[in-house]
Amino acid sequence: MKNFGLSLFIIIYLATIAAAATPQRLIRIDIPYHEIVYSLHDRFNLTILNATDKYVDALAADDLIKKITKAGFTVTVLAEDYSKLYPDLPQVIHTYAEVCSTMIALSQQYPTITKLETLGFSYSNRVILAIKVTDNPSLEEAEPEIRLVGAHHGNEKISTEVTLSFLKYLLENYDFNAQVADLVNNREIWIIPIFNPDGHVANSRYNGAGADLNRDYGYMWQSGTSAPWSQPETRHMQRHSNENNITLEYEYHSTDSYVNYLWDHHPKDPPDSQYIALISQEYADSTYGSPTTQLQKINGFDWYVARGSAQDACFGIWGGIGTTIETQYPTTQAKVDSICVANRRALMKMITRAGWGISGQVRDSLTQSPLLAMIQFTNPKRWPCYTDKTVGDFHKMVAPGNYTLTVSANGYQPKTFSVTVPDTGAVNIIAELIPDTTLNYYIQKIVWVRRDNSTGNYVNLTYTMDALGASDLTYYSLGVNGTIVFEADPPIRNYPGADFTIIEGDLTPENYTVALSNDWRATWFSYPTTSGTASFDLATVNMDSARYLRIIDASGSPSTDPYAGFDLDAIVYRQSISSILEPDIRYHNLTITDMLIYPNPARSHINIKYHIPNTEKHNPIIKIYDITGKKINEFKNIENTNLGNWILDISKLTAGVYFIGIEWQQKTIRQKIVKKQ
């Protein structure tokens, strides 16, 4: 990320040559019922613009139209050249150069509350400008971050007007409007009016390479572009998301009148869906005024399937709530103005809400340095989020109620909190994590993921979040030939013996391949195909360290299986010569499986769940030892069952480190626990 000076910006005015775009026709495909939408998408890899119960509007060249017609569908051409479909633009619509000039002028006029930055350059080397609005723009503060993005599709230019109008409103009213001042002082608001400058200049949906940027993001990408994160524009956004902890994002488009909430790629809603639908309805309710401005909420997949979308990546990879706003395409200045005002009302309400829920800061207990940490929600289950690596803050938008969350950072003892979220505002926690060099490290971050839905069944029932962090008996099924790429932070290093272990989530070993790299877009070094829980040595692939890890399913599972593909529970790795991979203890003798001890650390009670195969004699005994090996207590399974579910009272133990041992048939498995004050 670089500051963008005025002298460099002169280049923009010399770089506004129209980007070439492949002409495509706007077609309407008649369908007997809505579910046909999904098979159309998967079968023909269509770019769908709208879907109803009776028809699908899509973009297609002549060769694809022939294939669709040959398959038995009735196709009507609505426009011979989609790029020329829209009527003459009203004068109020800004050109790319005008938008850039306006952003420069505003940053110079309001230097105390803005910071103009270069997100990066487009495929055709046009600059993508972003402006940060906050009271201390040169600092990174512990505040919720909001991002507004216009013109993913360059010809949907009302999206630029909505974001640019809101930018002007914030700056011009900061000194006069108490609500505006409060938001600017307590939020960091990123505004990107033109994300696709090549398409904006050429009046094209696509960027200069002919790619649909809203199909290029790395979460559940399929084949809309050449590869996930294949375009420079989306890689700039990926970097921006890694550098900034986005709590709430709106991406603006123009096809219909919808607040389109996630998922776009799959019918199984995330655990946060009830709250996401609620705030989507609130946004829609705020766009009252006329049929031109009024929006309705709609689930993305229920409308039509889209793989590799911005909103799915915002949530699936980083944990921020991303939503797509689809407005009408206005043909008069009055309609442009009314759409901008209606969305401004909604944004003021939603940016206020971005500070509600659970906020916190995560620090090193000794140095007070901010930590990059993952926040996992266990009761009720919610999608994880992350701290800002510079400040160590996080902000999770959730409904009022009681929540249990665990804060974990590699190299530190995790901490679990129970909090009550108020009706308005946020509950705040300070998590001071204790350094612990004896602990193993865990993979906590996804780079990209692909799960094949080519059969149109969409039956997979698992979440990617269940492959992150420590082993917990929940898992993500990759799907047939599915791929997932992770980032290890810090990198996996080569020590004598096994360096990392991949943990299978269920009792049926399935095949997969593993590869390592230090550049996820370049060369990968692969291990032979393996199955089930397995440990790996970096020396095998002649690497000293690896930052990225890729797993590809090779199970051959039937695609109709809801848990098809390799079932990934966790990836654990070492960070010292002396450390021992925890799964080597957890799976000792490979006969006791599915053991879970939680919460850990704990204050008063711990839960122990385990499963012993029916073929074994059981009657296990649970023993508690202190750190010297002295037995503190023991408990027998009086129910004589191979399924254990115990709740142990540890409230009388003094704070410290203990070991829980499960012993049966002259076999033992032990796990470390931490008793808190």
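A: Start with a side chain in this predicted model. The side chain of Ser555 makes a polar contact with the side chain of Asp553, at 2.8 Å.

Q: How do I read that distance, and what is the cut-off for a polar contact?

A: A pair of N or O atoms counts within 3.5 Å, with one able to donate a hydrogen and the other to accept it. The Ser555–Asp553 pair is listed at 2.8 Å.

Q: Where does Ser555 lie?

A: Look at the elements on either side. Ser555 sits in the loop between strand 30 and strand 31 (567–573).

Q: Which residues does Ser555 contact, leaving aside its neighbours within four places in sequence?

A: Setting those neighbours aside shows what the fold brings together. For Ser555 the partners are Glu510, Asn511, Gly565 and Phe566. Compare sequence and space too: Ser531 is 24 residues from Ser555 in sequence, with 8.4 Å between their C-alpha atoms.

Q: Strand 30 came up. Which elements line the second largest pocket?

A: Read a lining by element. Strand 30 (545–553) supplies at least two residues, as do helix 8 (232–243), helix 11 (310–318), strand 22 (445–450) and strand 24 (483–493). Helix 8 gives the most, with 6 residues.

Q: How much space does that pocket hold, and which residues lie nearest its centre?

A: Take volume, then lining. The second largest pocket holds about 740 Å³. Its lining has 34 residues, and nearest the centre are Asn242, Leu372, Lys445, Glu487 and Asp489. By class, the lining splits into 17 nonpolar, 8 polar and 9 charged residues.

Q: How many cavities of 30 Å³ or more are there?

A: A cavity differs from a pocket: the 1.4 Å probe fits but cannot get out. The count here is 9. The largest cavity has about 130 Å³ of space.

Q: What lines the largest cavity?

A: There are 16 lining residues, with Asn214, Arg215, Asn260, Tyr304 and Glu326 nearest the centre. Helix 10 (300–303) and strand 13 (321–326) are the elements that give two or more residues. The classes are 4 nonpolar, 7 polar and 5 charged.

Note on methods. Residues numbered from 1 in each chain as written. Predicted model: local features only at pLDDT ≥ 70, side-chain atom pairs only at ≥ 80, totals over all residues. Heavy atoms only, no water. 1 Å grid on protein atoms, 1.4 Å probe; cavity = no way out; pocket = protein on both sides within 12 Å on 5 of 7 lines; lining within 4 Å. Points joined across faces, edges and corners; volume = space filled by probe spheres on them. Helix = DSSP H or I, 4+ residues; strand = E, 2+ residues; numbered from the N terminus. Nonpolar A, V, L, I, M, F, W, Y, C, P; charged D, E, K, R; others polar. Contact = heavy atoms within 4.5 Å.
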